[in-house]
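Here's a quick tour of a protein chain for anyone meeting it for the very first time. Have a look at the picture, then read on.

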Amino acid sequence: MTTIDTTPVPAPTPIPAPRIDPRLRQRWIDARREEGRRRLRLFVATLAVVVLLAAAFGVLHTPLLKVRHVRVSLGVVPAGSGLTAAQILAQAGLNRERLMVDVSAGAEARLVEALPWVATARVERDWPGTIRIAVTERHAVAEVDRVSGQAASGFAVLDATGRVLAVLPTGSSPAPSRSASGSGLPVLPRLEGLPAPGAAGTSMLGSAESGGQVAALELATAAALPAALVRRVSTITITANGLQLSLGSVMVLFGDASELAQKVTSLETVLSDVSLAGVHIIDLRVPDRPALTRSQPTASVSTTAGG
């Protein structure tokens, strides 16, 4: 027979909780409270930043901050360029529907600089509603036939960097000139290896191959000529004797490209101080000792400008 022990089991003796120093307990409570306050401050600061950014976004995109005025500053506009403030505005695409905040100064400047006659453009936002555009123009220094040796094919007007400023038909300018175009600019020969002039705004020099280097030197020479000489120089070429300029029937020898400014100055002095009657060649390869050769071999003389 099975018996069951019904003797009551004594309850386990509870383990007393460790006694915490009241000062440590208070420090723990204070630390938890400080942590809660830091979180609250961080939340409030984040919320304030979000609210300010939203407010700033709303203010910047309000219709009150649309483009109200566009001020275009042009320098000395080259004759025949046709460059106008209206053309610049149309290229930039700025109107009163644009928001000031959406106007990118760099992007707008690049758009304006794509115009053939524009060298540099600077775009600035003047809050609350004005855009300022300052433009530096390019200047034509020479022209070249569109088809080598065929003046009737039209011509391309170039600046000193070889950029095509305009492509115009023969005789498009009413001004009398030695050049077929009537532009009054020196004519450069078409060089082997160089492409035909492209559309306005493109470069004719291409890569720095021999043809491009020669053309660049001819353009640099044309750019160095003052306005008074530009009107007299009909062609600029590089021959076996180096740089050569044509003044009607008079050939001017510059030689290499060294001392280019001095050679131009010497040519101005010769033209102002010496009669060119019967002169066939002006040799300026040594700029401080110009030599003049007349048509008749027996009339060859060497003289210093001014003497």
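## A first look around

Of the 307 residues in the chain, 32% are buried, meaning under 20% relative accessible area, with exposed over 50% and partly exposed in between (1.4 Å probe, protein chains only). This is a predicted model, where local features need pLDDT of at least 70 and side-chain atom pairs count only at pLDDT 80 or more, while totals for chains, interfaces and linings use all residues. Residues are numbered from 1 along each chain as its sequence is written, and side-chain values use heavy atoms, with hydrogens and water left out.

Three strands make up an open sheet with mixed pairing, in the order E1-E3-E2; two strands pair if DSSP finds at least two bridges between them. At the edges sit E1 and E2, each pairing on one side only. E1 and E3 run parallel and are joined by six bridges, and Leu74 stands opposite Val135 in E3.

Two helices go with these strands. Helix H2 packs on the sheet and touches E1 and E3, contact being heavy atoms within 4.5 Å. Helix H3 lies across E2 and E3. The table gives their directions, as angles from 0 to 180 degrees between N-to-C directions, using lines fitted to C-alpha atoms (for helices, over the stretch in contact).

| H2 | residues 85-92 | about 125° with E1 |

Now for the inside. The largest nonpolar core has 56 residues, and Leu245, Phe254, Leu267 and Ile282 touch the most other members. Such a core is a set of buried Ala, Val, Leu, Ile, Met, Phe, Trp, Tyr and Cys residues joined through side-chain atoms within 4.5 Å. Helix H6 (residues 260-273) supplies the largest share of this core, five residues. Leaving aside residues up to four places away in sequence, Leu267 touches Leu229, Leu245, Val252, Phe254, Ile282 and Leu284.

Most residues other than glycine have a negative phi, and most peptide bonds are trans. The bond from Trp127 to Pro128, though, is cis, with omega near 15°, and Pro128 lies in the loop between E2 and E3. Glu259 isn't a glycine, yet has a positive phi of about 55°. Glu259 sits in the loop between strand E10 (250-255) and H6, and counts as partly exposed because its relative accessibility is 43%.

Notes: Helix = DSSP H or I, 4+ residues; strand = E, 2+ residues; numbered from the N terminus.
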